[in-house]
Amino acid sequence: MTASTATDEPLVLVTHGEGDLAGVTTLTLNRPRQFNALSEAMLDALQRALDAVANDDTVRVVVLAASGAAFCAGHDLKEMRAEPSLDYYRRLFNQCTRVMMTMQRMPQPVIARVHGIATAAGCQLVAMCDLAVAASAARFAVSGINVGLFCATPGVALSRNLSRKQAMEMLLTGDFIDAPTARERGLINRVVPMEKLDAEVAALCASILAKPAAAVAAGKGLFYRQLETGIEAAYQMAGQTMACNMMDDCALEGVQAFIEKRAPGWAKS
């Protein structure tokens, strides 16, 4: 069962695409009155939703969205302040880290659909998604420093998206950046007017759906593994992945189709 608010509204809404977007599952953060702050219950609900879709072969792409005026305002500071113990904070941040790593390790690409603000752990969510599309009015910050809390865990994700000095500037100042700046610095992929946000996300999903699932999953896994290793080992891992990929039916068909100058006959599965 999905964790819910006091009004029995699910903390994470799960919807499945139809027609051309069959294979796309959208997970929507649903604490709009709290700007989708990541309470323990919200993290638990998101973890279970991610685990479910990660193990579902019918899901090809995951979209992470949010209800209300904001994408995510980070951790629930009121909840955090109510139980000031080192053990509690360690458990909380371990729980959050598990959610973040699940998004990276799951075989499906995860696309952030961002509107409003994405701050602290909310900005971390965006950084941990494989791709991100933002409305032009979206804003991003790792603002914990403004309340005396350096955004250390968001900094892990941020430093793997932005250059070191750009990441450090955000972490040390807590200042917001706008969506065009976030795109320029590498935090997000695309910026569109709010009224075109869903269409742009759908177009990105459709492009991925048109590719073989096995190649996408293998490529995503390799992409992150090689980033965390030295270049020589990275090339060895990449070469092994490509060799295995070339033996897959989808690659054999794709190469043959290229040679024969025709469209590949991939099944969408």
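Trainee: Happy to begin! Into which domains is the protein divided?
Mentor: Keep in mind that this is a predicted model. The domain assignment divides the protein in two, and the centres of the parts, taken over C-alpha atoms, are separated by 27 Å. The parts are domain 1 (12-210) and domain 2 (213-268).

Trainee: What area is buried between domain 1 and domain 2?
Mentor: Let us start from the contacts: 13 residues of domain 1 touch 8 residues of domain 2. Carbon and sulfur atoms give 49% of the area buried between domain 1 and domain 2, and that area is about 870 Å².

Trainee: Which three residues supply 46% of the area that domain 1 buries against domain 2?
Mentor: The area buried between the two domains is about 870 Å². On the side of domain 1, one trio supplies more of the buried area than any other three residues. That trio is R60, Q104 and P107.

Trainee: Which residue forms a salt bridge with K220?
Mentor: A salt bridge needs a side-chain nitrogen of Lys or Arg within 4 Å of a carboxyl oxygen of Asp or Glu. For K220, the closest N and O atoms are 2.8 Å apart, and the partner is D130.

Trainee: Which helices each supply at least two residues of the side of domain 1 that touches domain 2?
Mentor: By class, that side of domain 1 has 8 nonpolar, 2 polar and 3 charged residues. The helices that each supply at least two residues there are α3 (86-105) and α8 (197-209).

Trainee: With which side chain does the side chain of D178 make a polar contact?
Mentor: First place D178: it belongs to strand β8 (residues 177-178). D178 is partly exposed, at a relative accessible area of 37%. Beyond four places in sequence, D178 touches A138 and F140. The polar contact, at 2.6 Å, is with the side chain of T181.

Trainee: How far apart in space are D178 and A120, C-alpha to C-alpha?
Mentor: In sequence, D178 and A120 are 58 residues apart. In space, their C-alpha to C-alpha distance is 15 Å.

Trainee: F35 is not a glycine, so what is its phi?
Mentor: F35 lies in the loop between β2 (24-29) and α1 (40-54). F35 is partly exposed, with a relative accessible area of 42%. Its phi is positive, at about 55°.

Trainee: And K261, is it buried or exposed?
Mentor: K261 lies in the segment after α11 (249-259). Though not a glycine, K261 has a positive phi of about 55°. Its relative accessibility is 79%, and exposed means over 50%, so K261 counts as exposed.

Conventions
Residues numbered from 1 in each chain as written. Predicted model: local features only at pLDDT ≥ 70, side-chain atom pairs only at ≥ 80, totals over all residues. Heavy atoms only, no water. Helix = DSSP H or I, 4+ residues; strand = E, 2+ residues; numbered from the N terminus. Buried < 20%, exposed > 50% of the residue type's maximum accessible area, 1.4 Å probe, protein only. Contact = heavy atoms within 4.5 Å. Polar contact = N/O pair within 3.5 Å; in protein donor to acceptor, adjacent residues only side chain to side chain. Domains from an automatic or database assignment. Buried area = accessible area lost by both parts, 1.4 Å probe. Nonpolar A, V, L, I, M, F, W, Y, C, P; charged D, E, K, R; others polar.
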